[in-house]
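Please have the sequence and the model at hand.

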Amino acid sequence: MSEPAPVRKVVVLGGGTAGWITAAMLVREFGAALDIQLVESRALGTIGVGEATVPTIKTLNNGLGLDEKAFIGRVNATFKLGIQFEGWGAEDSCYMHTFGAIGQDRPFCPFHHFFLRARAEGGGGDLWDYSLNYQAAKQGRFAPMRPHPELPRFDYAYHFDAALYAELLRDYSLERGVRTLDALVKDVALDPETGFVRHLVLDSGDTVEGDLFIDCSGFRALLIEKALEVGYTDWDHWLPCDRAIAAQTPLAGEPRPYTRSIAKAGGWQWQIPLQHRMGNGLVYSSGTWDEDEATRVFTEGLEGEPTTKLNHIRFRVGVRQQPWCRNVVAIGLSGGFLEPLESTSIHLVHTAVLRLIWCFPFQGVSDWEIGEFNRQTLHEWGQVRDFIIAHYHLNTRQDSELWRHCASMDLPDSLVHKIGLYRETGKILRECEELFGNPSWLQLFEGQGLRPRQFHPIAAALSPEELAGMLDGIRSTIAKPLAAMPSHGDFLRMLASPG
Ligand SMILES: Cc1cc2nc3c(=O)[nH]c(=O)nc-3n(C[C@H](O)[C@H](O)[C@H](O)COP(=O)(O)OP(=O)(O)OC[C@H]3O[C@@H](n4cnc5c(N)ncnc54)[C@H](O)[C@@H]3O)c2cc1C
């Protein structure tokens, strides 16, 4: 058997967020050791949405060495302390999934067990009284906070203009030696013996050869699906929304430091405030609404006149069965799509490239590395999927078949276990390296009305005075830094001011 060919020339197909994140991370890590070329059709354009992130975006930017202040200015970013979910439990429910911690864990027991005990005894107040993120978000305040042993952890992500972010990463990559080609790929040539992609055929008739091809061609999935015919696992029986409408409106007033996600009979509507405008979208199920009805609901829900054409998008929720096949790695929308309820797509691009860097096939593509990459990728996608499904499942709405179906549908076993464990014991299971940790699951369960039957006995060991002292202490430590925080708008203006 012949030795696998070493990989030196990498071709990234697609210049959306996924393509440019991939190119930027590879060139940052490997520099001149690789010859990286990105092929994109500027005429075809990109999906044009994807403006909200999770806190790991800071790790990505730090890894690339981007300066936060310059980044914020360049991509018109605002700070995101969490997502406010309106109408997701009962129709009149409202809660926030914030990125910070809730209270402070004791060395051997998570905080929420103490809260659950206090509530069982008729006290404790509201869970979000113990969240600095929440209190700041609701007061429209923001300033980064250094970790402090007495404060609940504070954390944030960004809202930004995705097109400007892709441009920033494009400049970054080109400065470091990535080559780019604006051309339409018309065909893909496979090696008849190995089935590997040998080259791309452009509409000019020219070809682009490579050792490894990264498919960032978006929903078109030109390499992984059209050329290699790798299948797709649909998750629409758990996540029935399959359409979206997006448009921008002017920003009315100061930008809120959080995303809004408002449940509707046939789906949900988002509001993402940027420095200069509001990003809006409606995600809906075509089984509940046709396009006209969805458009009517969407435009009624806008807080101003749209300044852009309505962008109608169709999608299939699910994951590529083998995100890496032969010498093609699918990253971004070509590799799968989880609807944007928890703003996880850019994060999943970031972790996919981290994994690729970890098992980069310098000595040639190996089935061992492909297998491990695919195993980890599918595991990660399953974890994020479960978190999103739980939002739909734990609703008590009665206004449409969509919500009634979601409340009664069969769940993945992994999610049945997670929900059951919490309901029966108050314990939250966080698997190794899972994106969403205890505070995220806790806020989702609490916000959508899932009440556990028990709390951990460790919480029963405190005297009533000790318990009250602990809870009062956390509330009062939050109050001080909160009062000193500037408004979100003032903080952004401070960042924008010279010096
Ligand atoms: C409704 C919706 C809302 C979303 N919201 C969020 C969010 O809030 N947060 C988040 O993290 N993610 C979000 N996402 C996901 C996010 O938009 C994508 O993950 C991200 O933009 C990456 O897209 P992409 O680069 O894979 O694809 P695209 O942006 O579609 O880019 C595909 C690229 O491939 C090129 N291409 C395709 N075919 C050819 C060809 N034949 N020849 C040459 N070039 C070609 C295109 O020109 C383009 O450059 C959302 C997605 C949807 C659908």
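Which helices and strands each supply at least two residues of the shell around the ligand? They are H1, strand E2 (35–40), strand E13 (243–250) and helix H9 (345–358); helices (H or I, at least four residues) and strands (E, at least two) are DSSP runs, numbered from the N terminus. This is a predicted model, in which local features need pLDDT of at least 70 and side-chain atom pairs count only at pLDDT 80 or more, while totals for chains, interfaces and linings use all residues. Residues are numbered from 1 along each chain as its sequence is written.

**Ligand shell**
- Among the 37 residues around the ligand, Gly14, Gly16, Gly50, Gly218 and Gly332 come nearest; a residue is near a molecule if its C-beta atom, placed from the backbone, lies within 6 Å of it.
- H1 gives the most to this shell, with three residues.

**Nonpolar core**
- The largest nonpolar core has 131 residues; such a core is a set of buried Ala, Val, Leu, Ile, Met, Phe, Trp, Tyr and Cys residues joined through C-beta atoms within 7 Å, where buried means that 20 or more other C-beta atoms lie within 10 Å of a residue's own.
- Helix H1 (residues 17–30) gives the most to this core, with eight residues.

**Packing of H1 and H9**
- The axes of H1 and H9, lines fitted to C-alpha atoms over the stretch in contact, come within 10 Å and cross at roughly 35°.
- Residues making the contact (C-beta atoms within 7 Å) include Ile21 and Met25 of H1 and Val349 and Val353 of H9.

Conventions
A residue is buried if 20 or more other C-beta atoms lie within 10 Å of its own, exposed if 12 or fewer, and partly exposed in between; C-beta atoms are placed from the backbone. Axes are lines fitted to C-alpha atoms, for helices over the stretch in contact, and angles run from 0 to 180 degrees between N-to-C directions. Two residues are in contact if their C-beta atoms, placed from the backbone, lie within 7 Å.
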